[in-house]
Amino acid sequence: MKNLLITYFLLCFLTSCTDDSDPNQTKLNGVSPEKSKSSTITPENKLNPFDKKGLLYYNALHDYQAVNSVPNSIGEITDQVKFLSCQIAKRSNTQKGVITFNDSIVEAIMSDPDSNMINIVQNSALSTNAKSTLISFLQGLINHRQVDFTVSYAYIVDYEKTVIDDNPFDNDETETILTVTSISRYSLYSESERKDKDWDLSAGNKPAKKFFSTNESSIISIIALLRNIF
């Protein structure tokens with residue numbers, strides 16, 4: 001009987017150790033490993049000489065969302081993009097005006113982001129080579145828009161390194177392309193922050209239904225604001 005009790009307690013101890021070491025159950029300071037991993041990277045890329053453009057976008061986005069809710073409808077993201085457009089226009093050296101933006105444009109981008117993006121880039125003053133590489137970059141973002149930010153970040157900085165190292169463009173084109181990539185990084189990072197915040201708020205509660213899928217609002221904003229950048 002004594003031996004059976006000892007065996008029983010040993011089995012309970014081993015089972016407890018196994019459960020504690022299960023990677024699917026482990027949490028770091030109350031944060032799941034998946035969430036913690038996405039929170040350890042920042043959007044900055046010091047190799048991009050126009051990284052500040054993305055930071056300005058990020059700060060403007062935070063200013064807006066400090067007094068407005070995160071977009072959860074076509075009308076709400078229209079208002080947000082209008083605000084960001086105004087901020088970019090104020091801080092732009094190109095003196096471009098605020099873009100015309102309305103609900104129908106949001107709906108068009110949502111229904112076919114690839115075609116809308118290509119149309120905007122093709123109508124820009126960029127050279128054929130610059131248009132081609134930028135379209136290819138943005139198509140990558142669109143096609144992989146639901147991936148984790150760590151994956152998007154690696155994709156963006158790898159592209160930035162290619163542009164910086166090869167430098168086949170003139171100064172204006174280089175600035176334009178690297179401004180787009182910088183804003184893309186900070187936009188997707190901001191959305192990953194909101195995802196983490198929503199995860200915290202919804203822990204133990206049923207999360208609110210979202211109008212936009214993962215990173216969709218960021219992609220819409222990036223495409224819509226291209227006209228401000230060119």
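A residue is counted as buried when its relative accessible area is under 20%, as exposed when over 50%, and as partly exposed in between (1.4 Å probe, protein chains only). In the predicted model described here, buried residues account for 40% of the 230 residues of the protein chain. Residues are numbered from 1 along each chain as its sequence is written, and side-chain values rest on heavy atoms, with hydrogens and water left out. As the model is predicted, local features require pLDDT of at least 70 and side-chain atom pairs count only at pLDDT 80 or more, while totals for chains, interfaces and linings use all residues.

The mean pLDDT (the predictor's confidence in each residue, from 0 to 100) of the protein chain is 79, and 72% of the residues score at least 70. Over residues 1-39 pLDDT stays under 50. Where pLDDT is low, the predicted coordinates should not be read in detail.

The protein chain contains 11 helices and zero strands, helices (H or I, at least four residues) and strands (E, at least two) being DSSP runs numbered from the N terminus.

The axes (lines fitted to C-alpha atoms, for helices over the stretch in contact, with angles from 0 to 180 degrees between N-to-C directions) of helix α6 (residues 113-122) and helix α7 (residues 128-143) come within 10 Å and cross at roughly 160 degrees. Helix α6 is therefore roughly antiparallel to α7, a term applied to angles over 145 degrees. Contact (heavy atoms within 4.5 Å) involves residues including Met117 and Ile118 of α6 and Leu134 and Leu138 of α7.

Technical notes. Angles under 35 degrees count as roughly parallel, over 145 as roughly antiparallel, 65 to 115 as roughly perpendicular and the rest as oblique.
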